[in-house]
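Look at the sequence and the structure below, then read the briefing. It covers two chains by topic.

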Amino acid sequence: MSDPIWNAEFSACFDRCAGGMRFTTYLLCGDWHEAEDLMQAAFLKLYLAGPRLARREGLEPYLRRIVVRTFLAERRRVRWRRERVTDAPPEVPQDAAISEDKLVLWQALGTVPPRQRAVLVLRYWTDLSVEETAAALKCSTGTVKSQGSRGLVALRRILGPDFADLPVEV
Amino acid sequence: MVREQDVRAAFAALNARGAPPLAVTAEDLIECGDRVRKRRKKTLAAACTGLAVAVVLAGVFVALPEHRAPGEITPARLPDSTSIFVPPDAPPMPEPVRPPGQR
């Protein structure tokens, strides 16, 4: 028998966070369909864990942690599958709403290893601190710093030295 | 050189592009979650029942009379030496081998 109070809380949380959480997942995996699947899996885990949660006020950080860990677990699993999901984002933005430099950066981000990408997304999109990122990824702050630094170095190596000279405009 | 601002700006630009509509609602997930819970309960109940049946069967198997410990075993009576039949053409019994130095 499901708990009606928890169902209402869960529905409110879904309405509030689903869009943002799916975009975070999209930044991690680079594919809208996969992002939707991962987001659904994360919300389902949250729903099943809900009645056991002692505190339900801070659901968003908990949900973000589930999303990132589900993404990393999925990436570890696909390593053993015959069907491989490529690191390069399959959905390349093609309209003029995104400038070329951001498009290049986005494509380069797709080639960065998953854990480093997770650090970059959590640090520079969701604006988490090093400590919060470490808690989300279940690792030390030193690991977050090193992974973030390596992620930026990887981007730098892929994009070349001229990238910073390109205009940055939203 | 890639700066943090570049990464942030790229993310923001992607977000500004918009996203396809969500294909799932909270109600779908609640329904799915309830199904998962029911399935887990059924699996747990089946596992408990199976375990209980296995324990009962193991108890019955151990308690069966043929699996009990055998009673007191008495050694068989040795045959009488006069009752041993030796055929007439049997070869003679070999002499027992004595260890060297013993006479």
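What percentage of the 103 residues in chain B is made up of buried residues? Buried residues (under 20% relative accessible area with a 1.4 Å probe, protein chains only) make up 15% of them. This is a predicted model, in which local features need pLDDT of at least 70, side-chain atom pairs count only at pLDDT 80 or more, and totals for chains, interfaces and linings use all residues. Residues are numbered from 1 along each chain as its sequence is written, chains are lettered from A in the order in which they are written, and side-chain values use heavy atoms, without hydrogens and water.

**Chain B**
- Chain B has two helices and zero strands (DSSP runs of H or I with at least four residues, and of E with at least two).

**Helix packing between the chains**
- Helix H1 of chain A (residues 4–29) packs against helix H2 of chain B (residues 26–63) at an angle of about 135°, with the axes 9 Å apart.
- On the H1(A) side, the contact (heavy atoms within 4.5 Å) is made by A:Trp6, A:Asn7, A:Phe10, A:Ser11 and A:Phe14.
- On the H2(B) side, B:Ala26, B:Glu27, B:Leu29, B:Ile30 and B:Arg37 take part.

**A buried residue**
- A:Thr25 lies in helix H1 of chain A.
- A:Thr25 counts as buried because its relative accessibility is 0%.
- Leaving aside neighbours within four places in sequence, A:Thr25 is in contact with A:Gly30, A:Ala35, A:Leu38 and A:Val67.

Note on methods. Axes are lines fitted to C-alpha atoms, for helices over the stretch in contact, and angles run from 0 to 180 degrees between N-to-C directions. Buried means under 20% relative accessible area, exposed over 50%, partly exposed in between (1.4 Å probe, protein chains only).
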